[in-house]
Number of protein chains: 2
Amino acid sequence: MSVSGAEGGLPAAGGRRRRGPGMTEVARAAGVSQKTVSRVVNGEPHVSPEVRDRVLRAIRELDYRPNTAARALLLGRYRRIGVVSLGSSLYGPSTLLIALERAMQRAGYSVALASTLEGQKVSAAVDALLEQGVDGIVLSEPIDDGTPLRLSADVPVVSLGEGVELTPGTSAVVGGDGVAAARMATEHLLSLGHRTVWHLPGPQDWWAARDRLRGWREALTAAGAPEPPLPSPGDWSPASGYAAGRQLAELSDITAVFAANDDMAIGALRAFADAGRAVPGDVSVVGYDDIPAAAYLSPPLTTVRQNFAAVADRAVDVLIALIEGRPAPAEPSGQAVELTVRASTGPVRDQGPVPHPAPAP
Amino acid sequence: MSVSGAEGGLPAAGGRRRRGPGMTEVARAAGVSQKTVSRVVNGEPHVSPEVRDRVLRAIRELDYRPNTAARALLLGRYRRIGVVSLGSSLYGPSTLLIALERAMQRAGYSVALASTLEGQKVSAAVDALLEQGVDGIVLSEPIDDGTPLRLSADVPVVSLGEGVELTPGTSAVVGGDGVAAARMATEHLLSLGHRTVWHLPGPQDWWAARDRLRGWREALTAAGAPEPPLPSPGDWSPASGYAAGRQLAELSDITAVFAANDDMAIGALRAFADAGRAVPGDVSVVGYDDIPAAAYLSPPLTTVRQNFAAVADRAVDVLIALIEGRPAPAEPSGQAVELTVRASTGPVRDQGPVPHPAPAP
DNA sequence: GTCCCAGATGACTACGTAGTCCAAGATCGC
DNA sequence: GCGATCTTGGACTACGTAGTCATCTGGGAC
């Protein structure tokens, strides 16, 4: 072997790895030059069918795999996209991550994953990705600590939220339709005759939570409904939904609640049940996400479903266009969001004041 | 610039990317050789503090980032681990993925993600990872289509299940304690006085589902309880749990059910409610996963919680030991699994025959 | 028959890094 | 004061790939 140097004097552990064959070895086996192997591998023209066959056979026999590190070094491109995730296993983020991975794989890019560990900034995850070598970055569930995040990556960046300030020309924001979805959920409740709708907000450092709050507010304003005070924001968990639900259940005039996500809605359902308020008899509840369990809760939950696949596809389209210097594709038309009405919402029963705590005359 | 060739004649799109500075440029700026920069970057000894400072300053000024492609090409190692996931957003798999990412990041490895698209084999995902360049692979939620998966990767592989046949010497199976957990859940129900326990199995091509089935069976056998027939296996979804629950609700002598996961348990809860069987009055139900919502369901769900972080940490420990040629670390002691008893399980009410469908004489 | 052109193939090189080996200066022992 | 050892830094090279350009062959036009 010509590569015996790599085998001989080096320690097995921590040293250089045994490598597979390279184009040179394939070339020798096929009796052609390394460059011709390169042509075959990359499907370039000007290779006679006979030579091509010989090379392909040698590739198969040697179990040759192209070395992406060498290719990346030469071309300066990695065919890899980095995804910054929050490292949570919440339904929305993980569904989105899966959808992003699928879209990137379809586009011929591989995926590098970096999560922001607790307390760590997004920029640390971005740095880790840049150091590892990526052609572009998707900020999957951006959060911010008040000030907008300022990134100076030398690759295109697509953010799925708005709390990010990016260098112009190489970046883009691709949002789902969170505001519209929240508006839709609120309007549904108003259309059932509820005088107004209360909101269980999510963590306000999440872009998604702010969007839902905004959509709720917009719908109330548009309908001329009064805006009730907000309970303290939750953290997407059922526990936080329960806590907020307990607060709300104390109030007598509540008939409709829009929770920031399904998990918080589940907590609120439990809180209302514990307080003796029937859902949907006394209070209607709407969630957000349409988790698989939503249809099987007691009562089945009215909720809003986002089209994560569509959001992911568009984000990847835009990012790859930026990477490859093509113009960004046109905004696809069509709502990516949909309300599923189930048994947790219903018309207002009556306008009698306090339903349970004291069965008024 | 000496690299002007890369700037000049090449097309901007699809061609070579503009690159950051290399060690050579840093060296020129600091007035040392490229090798000395390499020494500073890698923390090697034999560099005077003064030179080190000069180099570090140049690095900061030029915003130098080491090129991992070049390093990987030279060393044959990538400091990257591939994770094969199933591309589902189920609670277990996504929690595990997050935990794996955290563990790898902590160990100084970056993460390449590949999911098996629908209908695609695991080996395709493995090939994609190998082609991209990884030092090792974790099979996160291995499934198999009957025959054990036979992989011929030239890197170490750690599988989190058993349905995989691996080349010896460079691979390992690191299981959670799924069997023990299922046994624990079943024993809990038996200890409440239930004559036997029915099981809602998960998809049997998943290793995790087979483990739970096995643990359930072992507990019944050990207790001398009869083994009831199995409903058709579900797919982890609440819908499939509902379907199986409807089947079981027809039967008169059911008092205890162990579902393969919490989502299926949620479906079963709904099915029993629809059939007029009270939980836990008539039927006790145990789930698996302890999803955040479990404590807030109606009724709150007794369930089993796996320690995903522990499983992930151990998998990464073992894999990195294999990669670096160190002996695998000792098996950590301690149960990674825990039963949380809530209101969905209770003692048998009585042994009277059919509670609801027909109040037999 | 000569010329020319297109297709087919290969030699050479750069990409950025770290291992190897060598050179020059510094420090020490005697 | 001189060789021996240590410290510090640099020159050179390989890693596997694809771009550039040169070479060679064969066939058709004239």
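This is a predicted model: local features need pLDDT of at least 70, side-chain atom pairs count only at pLDDT 80 or more; totals for chains, interfaces and linings use all residues.

**A serine between the chains**

Reader: Where does Ser115(B) lie in chain B, and does it count as buried or exposed?

Author: Ser115(B) lies in strand S2, which covers residues 110-115 of chain B. Buried means under 20% relative accessible area; Ser115(B) counts as buried because its relative accessibility is 1%.

Reader: Now the two chains. How should I read the relation between copies?

Author: In general, two copies of a chain are related by a rotation about an axis and a shift along it. Here, a rotation of 180° with 0.1 Å of shift along its axis superposes chain B on chain A, with an RMSD of 0.1 Å. The two copies are therefore related as by a two-fold rotation axis. The same surface serves both copies, as 100% of the contact residues of chain B recur in chain A.

Reader: And the nonpolar core? Which residues touch the most other members of the largest one?

Author: Phe272(A) and Phe272(B), in a core of 61 residues. A second, separate core has 50 residues, among them Tyr109(A), Ala172(A), Ala103(B) and Val311(B). Leaving aside residues up to four places away in sequence, Phe272(A) touches Gly245(A), Leu248(A), Ala249(A), Val257(A), Arg277(A), Val279(A), Val283(A) and Val285(A).

Reader: Let us turn to the DNA. How many residues surround DNA strand D, and which are the closest?

Author: There are 27, and the closest are Met23(A), Tyr64(A), Arg71(A), Ser33(B) and Val51(B). By class, the surface near DNA strand D has 10 nonpolar, 10 polar and 7 charged residues. Helices H3 (34-41) and H5 (68-75) of chain A, and helices H3 (34-41) and H5 (68-75) of chain B, each supply at least two residues of that surface.

Reader: What parts of DNA strand D do the atoms within 4 Å of the protein belong to?

Author: Sugar or phosphate accounts for 57% of those atoms, and bases for the rest. For the bases, look at Arg39(B), with a polar side-chain atom 2.8 Å from a base nitrogen of DNA strand D.

Notes: Residues are numbered from 1 along each chain as its sequence is written. Chains are lettered from A and ligands numbered from 1 in the order in which they are written. Side-chain values use heavy atoms; hydrogens and water are left out. A residue is near a molecule or strand if one of its heavy atoms lies within 4 Å of it. A polar contact is a pair of N or O atoms within 3.5 Å; within protein, one must be able to donate a hydrogen and the other to accept it, and residues adjacent in sequence count only if both atoms are side-chain atoms. Helices (H or I, at least four residues) and strands (E, at least two) are DSSP runs, numbered from the N terminus. Ala, Val, Leu, Ile, Met, Phe, Trp, Tyr, Cys and Pro count as nonpolar, Asp, Glu, Lys and Arg as charged, and the others, Gly among them, as polar. A nonpolar core is a set of buried Ala, Val, Leu, Ile, Met, Phe, Trp, Tyr and Cys residues joined through side-chain atoms within 4.5 Å. Buried means under 20% relative accessible area, exposed over 50%, partly exposed in between (1.4 Å probe, protein chains only). Contact means heavy atoms within 4.5 Å. Copies are superposed by least squares on the C-alpha atoms of residues with pLDDT of at least 70 in both.
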